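This report describes a single protein chain for a reader who works with coordinates. Please look over the sequence and the model before reading on.

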Amino acid sequence: MNATWKLVAVLAPVVAAGAIARPAAVSPDEHTTAVPTFTRDVAPILQDKCQACHRDGYIAPMSLVTYEQARPWARSIKARVAARQMPPWHIDKTVGIQQFKNDRSLTDDQIDTLVRWVDAGAPKGDPKDMPPPKQWPDEAVWNFAAQFGQPDLIVKSPPYTMPAVALDAWYKPVVETGLTEARWVRAIEIHPSTVKGRKITHHALSRLQQSERNADGPAVPDDAGSAGLFMEWAVGKQGEIMRPNSGKLMLPGAKIVFEVHYHAVGEPITDSVELGIYFYPKGQEPKYRQTLSLFSSIAGGSRNIDIPPNSTFVSQAFHTLRQAGRVENFQPHMHLRGKAMSLEAILPNGTTMMLSHVNRFEFNWMNNYIYADDAAPLLPRGTILKVTSWYDNTSANKNNPDPNQWVGFGDRTVDEMGHAWINITYMSDEDFQTEVAKRKAATPTAAPQLHP
């Protein structure tokens, strides 16, 4: 890749300095040689980057909240963090945009601290240095309620019972919203109705189905295809707040099309999925309309995928932006043979820019990479988004269930697909130029991806 377009980290650091508590009596030079302890150095890192999953009753196989819980796993912790397998953050750190609102990766200093702690015998340290336990939100309630109050509209899928032993199921009910007037959406949340339901819910999609012919407001551009995917629930992703002065538009008669992927876990569980929608106050309309859409990485369409046994496969697709816009995120989606996916922008002047490259895709972690406010790329009308996907159907792929099988398109985990969920805030050419000017004034030394 042309080094000219490698993004230089000139903006805010990925992880704020000071994430690790340091005693004031230890100078920086002394600390580099001091033995890290759990209470002083390790616990703050685990709270910040690990305990979202590694706590009692949640999805990880072990809790890392206390020293007694973490100590037996010390060698595993070292191996996973040194290989950058944990926390799951699979973006290539050598190219593309590196400023994200939800970055949960470890810094080099944090990795060094954890490795040195294990190499020193994983000492506990002074209990007085232990930070207070982190308070986690009740996942049975709405996360955005503290900011916006209870959701203005809750749409719930009909209950579904997953048997103890069964093939994976894709449940696709259509639910009326009951809307009788157009409303602008400023935030959305989605989650299984019960904590127990998270055991059987691999992921859940909610799509907005409505007629755009009489839309009161900016229309959805052709490249978006429809009103768009509304929200997705997966591990590490539950809600989204629109950026300032932007939102999603719901029209009268709108429906929600759910698609819930259930899998058996050895016990029968009945659950449903709840979608919580927060509206802008009536009369307060955002300037920009935002849509989340599927951008295929398969040439000729999402279903045109055919991978021979014991082989690798590469495909790419191109999508023209018929309206200027700001790309808000990048979320690759493939199955077990998927290995990598990149998102590039080809500007109308022919310049090609790498926006993001996930070079270690993991099916078990559907990460959504949300660009920081001052890093989300602004792209002019006529830009081509190039989405490339790589697959490995050989025995070298540890996730491959059978390298001797032909692999085609399908919803099953053993089948394949390739696309990126990309949220775009569309705007007029005039507004685009205004946003570019604001960006240049705020970050004049930023790399060209940020304001072409």
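In which helix is Asp431 found? Asp431 is found in helix H7 (residues 429–442), where helices (H or I, at least four residues) and strands (E, at least two) are DSSP runs numbered from the N terminus.

## Basis of the model

The model is predicted, and local features need pLDDT of at least 70, side-chain atom pairs count only at pLDDT 80 or more, while totals for chains, interfaces and linings use all residues. Residues are numbered from 1 along each chain as its sequence is written, and side-chain values use heavy atoms, with hydrogens and water left out.

## The chain as a whole

The secondary structure of the chain comes to seven helices and 24 strands. Of its 452 residues, 52% are buried, a term that stands for under 20% relative accessible area, as against over 50% for exposed and partly exposed in between (1.4 Å probe, protein chains only). Among contacts (heavy atoms within 4.5 Å) between residues at least 6 apart in sequence, 81% join residues at least 24 apart.

## Nonpolar cores

A nonpolar core is taken here as a set of buried Ala, Val, Leu, Ile, Met, Phe, Trp, Tyr and Cys residues joined through side-chain atoms within 4.5 Å. The largest one has 38 residues, and those with the most contacts inside it are Leu343, Tyr371, Leu379, Leu385 and Ile424. Strands E18 (338–346), E19 (352–358), E22 (384–393) and E24 (419–427) each supply at least two residues of this core, and E24 gives the most, with four residues. Apart from this core lies another, of 28 residues, among them Leu153, Leu208, Ile269 and Phe279.

## Helix packing around H5

The axes of helix H2 (residues 38–49) and helix H5 (residues 108–119) come within 10 Å and cross at roughly 130 degrees; axes are lines fitted to C-alpha atoms, for helices over the stretch in contact, and angles run from 0 to 180 degrees between N-to-C directions. H2 and H5 are therefore oblique to each other, given that angles under 35 degrees count as roughly parallel, over 145 as roughly antiparallel, 65 to 115 as roughly perpendicular and the rest as oblique. The contact is made by Phe38, Asp41, Val42, Ile45, Asp48 and Lys49 of H2 and by Gln110, Thr113, Leu114 and Trp117 of H5.

The axes of helix H4 (residues 74–82) and H5 come within 9 Å and cross at roughly 150 degrees, which makes H4 roughly antiparallel to H5. Here Ala74, Arg75, Lys78, Val81 and Ala82 in H4 meet Ile111, Leu114, Val115, Trp117, Val118 and Asp119 in H5.

Asp431 is buried, with a relative accessible area of 15%. Leaving aside its neighbours within four places in sequence, Asp431 is in contact with Lys287 and Tyr288; Lys287 is 144 residues from Asp431 in sequence, yet 9.5 Å away in space, C-alpha to C-alpha.

Ser193 lies in the loop between strand E5 (183–192) and strand E6 (201–209). Ser193 and Ser157 are 36 residues apart in sequence and 9.4 Å apart in space, C-alpha to C-alpha. With neighbours within four places in sequence again left aside, the contacts of Ser193 are Lys156, Asp271, Ser272, Val273 and Glu274.
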